[in-house]
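This report describes selected packing features of the structure shown below.

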Amino acid sequence: MTDVPEANTTAEKIERVLERGLFASRWLMAPFYVGLMIGLLALMVVFVRDLVGFIIKVPTAKEADVILGILTLVDLSLAGNLVIMVVFSGYENFVSKMEHVTQKDRPEWMGSIDFSALKLKLLASIVAISAIHLLKGFMNIGAMSDREMMWLVVIHVTFVVSGVFLALTDRLSGSSK
């Protein structure tokens, strides 16, 4: 016996086929998530390249250059975390539950991030990445023009303000339920 009642009329049959097709179309998102994982692989290649370059330069590097190198690696790591969050929560929220992942390997947050929480986490990650770029700019201030520094600050402040407004709107819409 199925959960779906037997369709009695032609209109109900059409509606049932349409709804099943619409529901099945969620699988069209799966290639997007595979593409993001390929992007994560590309990010890993850049990370390894930067790590090797960083390690080679460390023995003769100044303190500021070491800090800038580490910030670059942290920046790439945050970007990778961002991709993982989007893939896992997007797949689970919009395509299908990941039932073949063992409970032991499953991150605590997996399956508990809804779309609203995902937006906030994404924006928080973007703000952190922006802050790292801004810090790198401040640490390398002699090599940057005033215009470049101004744009780094403006962009960062824009992300921070956007994050605050997004959090406020989510909180207000959540409290009205």
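## Packing of helices 3 and 4

In this predicted model, helix 3 (residues 63-94) packs against helix 4 (residues 115-139) at an angle of about 165°, and their axes lie 10 Å apart. Angles over 145 degrees count as roughly antiparallel, and helix 3 and helix 4 are therefore roughly antiparallel to each other.

The crossing of these two helices is left-handed. In the contact of helix 3 with helix 4, the residues comprise 20 nonpolar, 5 polar and 3 charged.

## The largest nonpolar core

The largest nonpolar core consists of 7 residues, namely Tyr-33, Leu-40, Val-83, Val-87, Tyr-91, Val-95 and Met-98. At least two residues of this core are supplied by each of helix 2 (30-57) and helix 3. Helix 3 provides the largest share of the core, with 3 residues.

Val-87 is one of the core residues. When its neighbours within four places in sequence are left aside, Val-87 is in contact with Tyr-33, Leu-36 and Met-37.

Phe-138 is located in helix 4. Is this residue buried, exposed or partly exposed? Buried requires under 20% relative accessible area and exposed over 50%; Phe-138 has a relative accessible area of 45% and is therefore partly exposed.

Leaving aside neighbours within four places in sequence, Phe-138 is in contact with Met-149 and Val-153. Phe-138 and Leu-152 are separated by 14 residues in sequence, and the distance between their C-alpha atoms is 9.7 Å.

Terms used. Residues are numbered from 1 along each chain as its sequence is written. This is a predicted model: local features need pLDDT of at least 70, side-chain atom pairs count only at pLDDT 80 or more; totals for chains, interfaces and linings use all residues. Side-chain values use heavy atoms; hydrogens and water are left out. Axes are lines fitted to C-alpha atoms, for helices over the stretch in contact, and angles run from 0 to 180 degrees between N-to-C directions. Helices (H or I, at least four residues) and strands (E, at least two) are DSSP runs, numbered from the N terminus. Angles under 35 degrees count as roughly parallel, over 145 as roughly antiparallel, 65 to 115 as roughly perpendicular and the rest as oblique. A crossing is left-handed if the near helix is turned anticlockwise from the far one by less than a right angle, and right-handed if clockwise. Ala, Val, Leu, Ile, Met, Phe, Trp, Tyr, Cys and Pro count as nonpolar, Asp, Glu, Lys and Arg as charged, and the others, Gly among them, as polar. A nonpolar core is a set of buried Ala, Val, Leu, Ile, Met, Phe, Trp, Tyr and Cys residues joined through side-chain atoms within 4.5 Å. Buried means under 20% relative accessible area, exposed over 50%, partly exposed in between (1.4 Å probe, protein chains only). Contact means heavy atoms within 4.5 Å.
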